[in-house]
Amino acid sequence: MGLQVKKAARAILAGVLLVAMVIGVFPIQAPEAKAASDAVVNLNTKYQEIKGFGGMNHPSWIGDLTASQRETAFGNGDNQLGFSVLRIWIDSDSRNWYKEVATAKAAIAKGAIVFATPWNPPSELTETFNRNGDTKAKRLKHDKYAQYAQHLNNFVTFMKNNGVNLYAISMANEPDYGHEWTWWTPTEILNFLKYYAGSINCRLIAPESFSYNKTMSDPILNDSQALANVDIMGTHLYGTQYKDFVYPLFQQKGAGKELWMTEVYYPNSDNNSADRWPEALGVSDHIHNAMINNLQTYVWWYIRRSYSPMRENGTISKRGYCMAQYSKFIRPGYRRVQATVNPNNGVYVSAYTGDGKAVIVAVNKGSSNISQKFAVNGQNISNVDRYRTSGSENLAKTSNLGLDGNGFWAYLPANSVSTFVCTLKANTPGTGGTVGTTLPNGWYCIKNPASGKYLQVEGNVGAAGRNVQVGAKTGSRGEKWYLTKLDNGYVTLTSALGDFMLDVSGAGTADNTNINIYHAYSGEAQQFKLKTTAVAGQFGIMTKVTNDKSGLHLRVADNTNVVQNGYWEGTNQVWTFEPTN
């Protein structure tokens, strides 16, 4: 019942917003027009790392996804959504936690990350209070904060013991909208974060406000003690106007933190069918505005619903196809890059890079067909495939668009969204800076700046095949590496634990091949080339076994293990070398 009340209130708010925005959503234009200017993509200017797109599963509310629906949601083949994020519910009653396991395990098996959100603490930890005349309002008792932190830890442990390693856990759902669940004031949030959240054994999300209410999150950013215990600033976007998507204070003070959109449905009432057109196109436009304002995830309220990406019968809706124009092609670890946002009336563009590709998404919200020129700077392109959703098309593919120099022309029908997947030409060998011109032989600690963690041998144990991962700096021998330059432009990295070198397991060339240490023999599996990046002093550590196409990669799924993966200069793929003794 609480969820139904919640959705009804959102429908009213969303309806008001739709009326306010309707002129901007469907502008009147001439019947035909050519591009007023090129849409220019600059691959060298990078912004946020994309963590993924996805939705909520809530078995206790409306039943679990079926096995086939999980495939549709998290698979990335034909007639699948390609979701890479799953949000699950933390029931206040631990006896119901088992309901979340099946879909979470299936999502992880497909490469998705899973995070969890509570609506309420256990009932014995809460109390009623008078909130603006509502004497039945609920809050967490102020002397039960430690027990609540333990409750969240218990959920993390339960899921781990059942095969689900959570990427993150939230402290509360919509603390500023607690009509049917638990209220939190900004002061209560700060107190919990400062004095209790540090004990939670998982990345923490806060505050997940109802409509990007900055009065809930500003105090966290302005309090260094609270901010230290938050890993992800999360928000919902119900009724939030586009002008309020920007968050200057986070850009100023949120270094090292992630910025997620953790729940929404759009563009309006949940009473409307997900197949209404062009209303469904508003989903693509909404995602566009979230991305250009530096949000790193886009998570729909519920995956399978009449107004959702998946219809109740398990098939993909028009809203789903509009979401898939992003989720299928912009994969976790991709970086948003600079692009001309509004090159023509009604046309809105964002661009991304990863896996040797440039991905461009163009939303034509106008009533006129547009012929648009796209130009790509920073790396040459060899091929362009186009996928389009319109009133009559669902991810319709056209292969091998004709190139015009290092760009291409594309037809953008009125009320449509198009995704262009551009294959980038491989860099000329040797274009990346090598260690011979940048670093001398010597001992180094090797750091991933984005995570603040250091390359180290698991358990500080010197043994052939021992895993290499990242962790907090301890000064142990297992995180010290002797760099030796070879005559061929490559280097070896010898562990201080003994006669062992950094090694690509089995000399494998596939993505996700594990990185370990092995007896030193300086073979190709133990040779690496340091490739310069856009940031001075940061390098990709490229593997010789892949002819420098792949590099050391900190797995996003667990933020600990290091593997070999295709290189796109993601923040989980760049490293700094700190001299040590």
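**Close-up 1. Right-handed crossing of helix H6 and helix H7 in the predicted model.** Helix H6, residues 186-195, passes helix H7, residues 214-221, with the two axes coming within 9 Å and crossing at roughly 35°. Two packed helices are described by the angle between their axes together with the distance between the axes.

**Close-up 2. Residues that make the contact of H6 with H7.** From H6 the contact draws on Pro-186, Ile-189, Leu-190 and Leu-193, while H7 contributes Thr-215, Met-216, Pro-219 and Ile-220. Sorted by class, the contact of H6 with H7 comprises seven nonpolar residues and one polar residue, with no charged residues.

**Close-up 3. Ala-450 in the loop between strand E22 and strand E23.** The loop that holds Ala-450 lies between strand E22, which covers 442-448, and strand E23, which covers 453-457. Computed along the sequence, Ala-450 and Asn-165 are 285 residues apart, and their C-alpha atoms are 21 Å apart in space.

**Close-up 4. Confidence along the chain, with two stretches of pLDDT below 50.** The chain averages a pLDDT of 90, and 91% of the residues score at least 70. Over residues 4-9, however, the pLDDT is below 50, although this stretch has 16 contacts in the model beyond near neighbours in sequence. Residues 428-437 likewise have a pLDDT below 50, and that stretch has 14 contacts in the model beyond near neighbours in sequence.

Methods:
Residues are numbered from 1 along each chain as its sequence is written. This is a predicted model: local features need pLDDT of at least 70, side-chain atom pairs count only at pLDDT 80 or more; totals for chains, interfaces and linings use all residues. Side-chain values use heavy atoms; hydrogens and water are left out. pLDDT is the predictor's confidence in each residue, from 0 to 100. Contact means heavy atoms within 4.5 Å. Helices (H or I, at least four residues) and strands (E, at least two) are DSSP runs, numbered from the N terminus. Axes are lines fitted to C-alpha atoms, for helices over the stretch in contact, and angles run from 0 to 180 degrees between N-to-C directions. A crossing is left-handed if the near helix is turned anticlockwise from the far one by less than a right angle, and right-handed if clockwise. Ala, Val, Leu, Ile, Met, Phe, Trp, Tyr, Cys and Pro count as nonpolar, Asp, Glu, Lys and Arg as charged, and the others, Gly among them, as polar.
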